[in-house]
Structures are given as C-alpha cells and as structure tokens.
Amino acid sequence: MENILPSSKLFSHPDRLLEDHLIGTSNLINLFLSEKPKCIENELFETARIIALSHDLGKATHYFQRYLFAADDEKEKLKSKETHHSLFSAVCAFYLTKQMSGISDIYPLFAYVTVRRHHSDLINILDEVSIFDDKDINLLNKQLESIDDNAFGIVADKLLRAGLPIRLDKNIIFQWINSFNGEIKSFRKIIRNLNLNLEYYIKLNLLYSLLLDADKNDVVIKEISIFERKFYEDRNWVDFYKKATRFPPSPINEMRQTAYEEAMNKEIDLSKKIYSLNLPTGLGKTLISLSFALKLKDKLKQTGINPRIVYALPFLSIIDQNSKIFEAVIKANGFLPDSKLLLKHHHLSEIYYKIEEDELEPDEAKILIEGWNSEIIVTTFIQLFHTLITNKNRSIRKFHRLANSIIILDEVQSIPTRYWFLVREIFNKIKEMLNAHIIISTATEPFIFEKDQVLSLVNRETYFNSLNRISLIPKLDKSLTLDELKESITIDDDKTYLFIFNTISSAREFYRKIKEENGRCLGYLSSHITPKERHQRIDDIKKGKYKIVVSTQLVEAGVDIDFDVVVRDFAPLDSLNQSAGRCNRNGNGKGLVLIVALTDSKGKKYASYIYDPVLLDITEKILSKKQEIQEKEFLKLLEEYYFMIHEKTTKADSKEILEAVCRLRYDRDEDDERNLSVSDFSLIEEDYPKIDIFIEIDEEAEKIWNEFKSIINIKDRFQKKQAFDAIKSNFYSYVISIPQNAQNMPEIIGGIGYVKRSLLDDYYDKDTGFKIKDEKSVVIW
C-alpha cells in the first residue's frame with residue numbers, strides 16, 4: 001500500500017490545497033484530452049500534464065500564502081510583484097517539459113507561454129521570448145527563497161507521484177531561474193522563421209484552452225463526475241419528432257419532406273469533413289441539418305468518438321427560435337432538455353445551468369456555460385469565430401471543445417467576404433488536425449470552400465427549380481424618395497405587406513408617413529426598440545396581428561415570419577434573397593417582392609451608407625438585365641453573384657490576419673501600425689461608435705435598474721461582476737445602442753445611458769423607439 005503523504009498546508013485557493021488543485025487540474029486535463037483525436041491526445045499528453053501540475057507552483061511562496069489569507073483591508077497593501085505566481089510557475093513548466101524525451105523542441109516554449117498567460121491574454125510570442133530580464137531573475141530568486149522547504153518537499157513528492165518527470169527542489173529551480181534568460185531567448189530565431197503553417201497555432205491554442213478550462217473547473221466545480229457524458233441513442237430523434245408532429249398536407253410540406261429524406265439517405269463517408277445543405281428559404285434546413293448531424297454523430301460513435309454538436313448562427317434574434325425547435329425534438333423523444341444536453345450561449349445568455357431537476361449556483365453555471373459543457377451547443381458566429389481567432393483568455397477557453405465536434409454553420413453567407421479565405425484556411429486545418437466535421441446550411445451558398453471539398457446533401461437544383469412561390473421585380477431604373485415610395489404602393493385589403501429599409505431613420509420616417517392611414521394594423525421593428533418589445537412584436541407578427549410591418553434588416557435572415565408582399569430597399573443580392581424568404585414561405589398562391597432604390601433628402605441612396613459598393617455594383621449589374629425574376633432563377637443568379645465576388649474581392653485582410661495567426665503574433669503594441677495581430681480580427685466591424693441606453697419602459701425595468709444601481713456600488717470587482725451576471729440577461733432586454741454623437745443623450749450612470757420612466761416621453765416613442773433628434777446620425781439597424 002502506497003504511503004499517504006501529509007498535507008503541505010500550502011493553498012492555491014482559500015479552500016483548496018495547492019497539491020490537490022494541481023493534481024485535480026491534471027485529472028481534468030486528462031479527461032478533456034481523452035475526448036480528442038488519438039494522435040493529438042498522444043502528442044500533447046505529457047506536455048499537458050506537466051502544464052497542469054506546474055501551473056500554480058508560484059503560489060507556494062510565502063508572499064502569496066500571506067496574501068491569500070489576509071483580511072480584505074490588508075490585501076491591497078500586500079499585493080505586489082512578489083505575490084504574482086504565473087512567471088515562476090511558467091519557468092518551472094518550461095524546464096519540466098524539457099525533461100521529456102520524444103517531444104517537439106517547441107513544446108517547452110508552449111508550456112511556458114500557456115502557464116505564463118493563464119491569468120491574462122496571449123501576446124506576440126516574439127515579445128514573450130524577449131522580455132525576460134535581470135529584474136525578473138531577481139524577483140524569481142526572491143520568491144524562491146521565501147518558499148518553505150518542508151512544505152514544498154511534500155508538494156514535490158505528491159507531484160512526482162502524479163506524473164512529473166523529476167522531483168522538484170529549490171536547488172534545481174534556482175539553476176533554472178538563473179539560466180532561463182539564455183534559454184528563452186534562443187527561441188527568437190525559431191519564432192522569426194516560422195512558416196505560414198497553422199499547426200503551431202492550433203496546438204498552442206489547444207494546450208492553453210485545456211489549462212484554462214481545467215483550472216477554472218477544478219476551482220469552481222471540483223466534482224469531476226459532472227463532466228461525465230451520457231451516450232444517447234439520438235440517431236432518429238428528428239425522425240420521431242416529425243412523426244409525432246402534425247404537419248398539414250401541402251405542396252411545400254411535401255417538398256420539405258422530400259429534401260429531408262434525400263439528406264438522410266445520403267451515404268456518410270467519414271473521410272469527407274465538409275457538407276453543404278443548400279436549399280431555398282422555408283424548406284426546413286434547421287431540422288434537416290440537426291438530423292443529419294445526429295446521424296453523422298452516430299456514425300462517428302461507431303469509431304469510438306462521441307462528438308458534440310455546435311450549431312452557430314449569425315444573429316441573436318434567431319437563437320431562441322432555433323433552440324425551441326431543438327427543445328421540442330428532445331422532449332418528443334422523452335428526454336428533459338437540461339443544460340448537459342442542450343445549451344444556449346451568447347454574450348447575453350442567462351446564467352442558468354440545470355442538470356436534470358437541479359439548478360446549479362450562478363458561479364458554477366457560468367463556468368459550465370462558458371466552457372460549452374453540453375451535447376448540443378447553440379451559439380453565435382461571434383462566439384464561434386472569436387474562439388477560433390483570438391488572443392483572449394475567456395474566448396480561447398472553449399477552443400478544445402471543437403476537437404471531434406460537428407459544427408453547423410447556419411446562414412453562412414453572413415460571413416464578411418473579406419474573411420472567406422481566412423475562414424476556409426482555419427476550418428480546413430481544424431478538420432484535418434482536430435477531426436472536426438462542418439455542415440454548411442444556407443439558402444445562398446457563397447464560394448468560401450472549393451467545390452471539390454464539399455459534399456452536397458441534396459441536389460439543390462431540384463428544389464430551386466421546383467419552386468414558384470414568388471416573383472421578384474427590380475425597379476432600379478429610377479430612384480425614389482420615401483414620399484414617392486408611399487405614392488407608388490397601393491395597399492390591397494386582402495394582402496399583408498413587409499417594408500424592409502436599410503437605415504433606422506428611413507424606416508422610422510416611412511412608418512410615420514403611412515401611420516395615419518393604417519392605424520392599428522401597422523407594426524414597426526428596429527434595434528431602437530428594446531429587445532423585450534421586439535420579441536413581443538415578432539410574436540404578434542407570427543400571430544397575424546399586423547397587416548403592414550415596417551422594419552430594418554433585422555428581419556432579413558432566419559426570423560420565421562411570412563407576408564404576401566415584401567418591399568425591399570436596394571441591397572446586395574444575398575440580402576435581397578434573404579428578404580425574399582419572408583414572402584409567401586408556405587407557397588400559398590404567388591408572393592411579390594419589389595426591389596426599390598431609395599434616396600434621402602440629399603439624393604444619396606440609403607444603401608450606400610451601409611453596404612460595400614463592390615457588392616452593390618455587382619448586384620445592380622445582375623438585376624439590370626431583368627424585369628422580373630421567378631424563384632427558380634434565384635440559384636443561377638446567386639451563383640453568378642458569388643462568382644463575381646470571388647473574382648473581385650481581395651484576400652488582403654484574410655492574408656494579414658492569417659500571417660499573424662501562423663506567426664503566433666497574438667497581439668501588438670498600439671504604435672505598431674505595420675503588422676496586424678490576431679487580436680485585430682473582428683467578425684463584425686463597428687460601423688460607428690455606440691453607447692448603450694437602458695430604457696425604463698415598465699415596472700420590471702425600474703426594479704432591474706434599482707438592482708443595477710446597487711451593483712455598481714459594490715467595491716469588490718469579482719463580487720460586482722457576479723452580481724451583474726445574475727441580472728444581465730433581464731437587464732439587456734431593456735437596452736438599446738445609439739450613436740455616441742446623438743444629440744438627445746440621456747444621463748450616463750455607471751457607464752450606461754439611463755432613461756427613467758418619468759422622462760420616457762422625452763427620449764422614447766412607444767411605436768418607433770429611441771428619439772434621435774439629429775437625423776445626421778444614420779444608423780443601419
């Protein structure tokens with residue numbers, strides 16, 4: 001029987017012994033690595049274990065121990081460089097990794113970087129190997145000297161048993177500290193000569209992600225059994241749901257079923273990693289993509305892999321809609337859709353995590369949500385792409401979950417054209433190295449991937465050519481003012497109408513022009529309406545409350561609403577196609593989509609304020625050849641559109657970010673304007689500076705604002721963040737964003753604008769939302 005070693009009485013956290021935390025983190029990393037492709041697991045196992053077992057060794061110092069247990073009013077006085085632990089731990093991780101035989105020479109550096117930055121964000125790796133100096137040596141020696149020999153000896157013995165290659169002692173660490181400067185700087189030449197290969201980026205991110213996730217979970221969750229996964233017999237879940245749900249007989253439902261069966265009967269070849277589901281709007285892509293993903297998952301399970309499904313969408317507005325569909329599928333099969341099975345994650349997610357009937361505490365829930373601990377994760381493009389391409393600690397933490405995953409990209413045409421090349425290169429590498437499978441679901445398939453890379457799940461021509469739900473009429477020969485648009489449209493009492501505008505100002509102005517004549521049957525949507533009211537209005541639209549709706553493009557993609565006539569201000573062709581998808585979705589008779597070119601009072605087209613002129617020019621050239629376009633022609637026109645984009649769009653932005661990724665240039669100095677870094681990647685560029693405004697529209701809003709006022713007075717920043725996380729989802733249901741240069745600016749409290757109920761009429765219109773008094777602030781949403 002192995003001797004039981006005594007406690008070191010050194011602590012990593014107030015309630016956690018240092019040795020227990022290091023070994024617990026190692027156990028979690030081993031568990032997480034066991035879900036990765038075997039080749040990656042085998043290659044990273046030793047390095048990952050050393051990183052886990054060494055990442056908090058610097059907490060053994062007398063300085064840290066005294067700081068950890070000091071009273072709150074003493075902590076600030078004691079806090080100093082001596083209480084920091086990451087650099088000390090990172091030097092140990094570097095040399096411990098060097099002890100291992102048969103691993104790449106780069107891994108000691110990766111171990112150092114991973115541990116060095118596990119409480120911050122990644123920086124330019126060239127800076128990382130250049131900034132160690134004599135001050136650091138003196139600091140580390142001072143920290144080393146303060147460590148209690150006997151206590152550290154107990155930790156060292158336990159870590160040796162747990163898997164460290166040698167037994168640590170202070171003499172060894174002293175030698176490491178005093179030789180480290182030369183060792184780390186020897187990597188400079190290697191870093192400068194890195195070739196444009198993504199392999200190092202993937203491996204470093206994977207190690208960093210594994211440590212971040214295991215470290216946080218060991219501290220907060222502690223119980224490893226929470227991470228044990230069930231094996232569900234889920235291959236036929238959608239089939240069963242469809243049989244249990246009544247879909248009324250109609251030509252469009254028959255076509256949906258035909259498309260569903262064609263995709264489900266597709267032979268799965270696991271050597272193919274990218275699939276395409278390209279179907280017209282309204283043909284059930286959400287259910288088809290989920291069902292195919294479950295069948296692909298079943299095939300992978302037969303090889304010993306249990307993949308998670310990551311379903312990513314571009315817009316918050318449709319996450320709830322699609323999540324409800326997935327919930328219905330799960331419930332129809334007799335399962336409770338708890339958080340271990342289905343999880344929604346975006347920046348406004350409610351901090352709520354439930355396992356069967358047990359709701360977890362907020363701090364536990366937050367850790368599990370942000371680590372994507374679920375079988376099916378419904379999230380945004382922002383979350384997904386800023387997990388793949390970022391230097392941020394919080395975002396990279398879930399990177400390892402993408403290994404052996406099935407990623408569904410819904411509405412993939414929303415990815416900016418300037419990043420197509422970058423996205424292709426990144427996904428090609430994660431499918432190769434991490435065995436990720438990708439399903440592209442779209443009505444307008446852009447040329448992101450090469451055609452020979454993609455396996456089509458359906459014969460798309462069959463469905464596009466069979467549909468005759470709408471006619472699209474481009475009226476672009478003459479621009480119209482909003483008054484001229486009003487005069488040109490005759491409202492038929494038997495039809496419903498959706499007007500989609502490019503700016504909030506044009507939508508609001510048109511709404512006011514037609515309000516008097518249309519009264520109660522008129523609805524309005526824009527992002528200047530609070531999210532709570534927007535969701536209610538969308539529900540009302542679905543119930544048929546409004547005959548006419550005036551909106552910005554927020555209804556353009558994914559929002560399941562249906563009108564007889566859609567009038568759309570001019571936009572790029574893929575946007576026009578998405579808008580057309582809100583017309584006669586169920587094929588009842590023939591719908592009409594009118595495309596008009598609207599101008600403001602200065603004669604400038606609203607489209608020019610917000611869209612790429614290249615895309616507008618391509619669209620105009622394509623549509624100018626047509627007087628009327630039938631739905632079956634859309635596919636050919638879209639192919640022509642994307643081909644022209646492919647020919648005209650520069651890869652410069654993609655290549656600059658890709659170079660930064662390959663050279664591990666995670667961040668840069670503010671005065672370095674020559675080279676972009678990974679941190680410069682932003683999927684959505686801010687088109688204008690904004691400020692958030694809280695609109696106190698009802699009693700519930702008033703109650704939430706009072707809670708917020710109490711929270712901003714909390715001095716401890718961690719307690720403050722935890723308290724705000726508890727109300728964040730409800731808080732932001734009353735928040736809109738307006739231009740920072742808006743003249744009608746309310747009082748700013750705690751960094752956010754505040755419109756109280758007694759002043760509501762001064763700032764907020766019950767129909768059209770926030771009152772922008774200076775129309776020079778042209779806003780796209």
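Lys242 is placed over the face of Phe247, 5.3 Å from the ring centre. This geometry, like every value below, comes from a predicted model. A further contact of this kind involves Lys604, whose charged end sits over the ring of Tyr609 at 4.5 Å from its centre.

## Aromatic pairs

Across the whole structure, a search returns 40 aromatic pairs. One of them joins Tyr201 and Tyr666, which are stacked, with 5.7 Å centre to centre and 20 degrees between the planes. Tyr201 belongs to helix H12, whereas Tyr666 lies in the loop between helix H29 (652–662) and strand E19 (690–695); the pair therefore ties together parts that are 465 residues apart in sequence. Tyr201 is buried, at a relative accessible area of 1%, and Tyr666 is buried with a relative accessible area of 1%.

Ring pairs also build a cluster, linking Phe694, Trp705, Phe708, Phe724, Phe731, Tyr732, Tyr734 and Tyr754.

## Helix H2

Helix H2 spans residues 38–54 and contains 17 residues. From its first C-alpha to its last it reaches 24 Å, close to the 24 Å expected at 1.5 Å a residue.

The buried residues of H2 are Ile40, Glu41, Leu44, Thr47, Ala48, Arg49, Ile50, Ile51, Ala52, Leu53 and Ser54. Their cover includes helices H1 (18–33), H5 (86–98), H6 (107–116), H9 (149–162), H12 (199–220) and H20 (420–433).

Note on methods: Residues are numbered from 1 along each chain as its sequence is written. This is a predicted model: local features need pLDDT of at least 70, side-chain atom pairs count only at pLDDT 80 or more; totals for chains, interfaces and linings use all residues. Side-chain values use heavy atoms; hydrogens and water are left out. Helices (H or I, at least four residues) and strands (E, at least two) are DSSP runs, numbered from the N terminus. The expected span of a helix is 1.5 Å times one less than its number of residues. Buried means under 20% relative accessible area, exposed over 50%, partly exposed in between (1.4 Å probe, protein chains only). Contact means heavy atoms within 4.5 Å. Rings of Phe, Tyr and Trp (its six-membered ring) pair if their centres lie within 6.5 Å; planes under 30 degrees apart count as stacked, over 60 as edge-to-face and the rest as tilted. A charge sits over a ring if NZ of Lys or CZ of Arg is within 6 Å of the ring centre and within 35 degrees of the ring normal.
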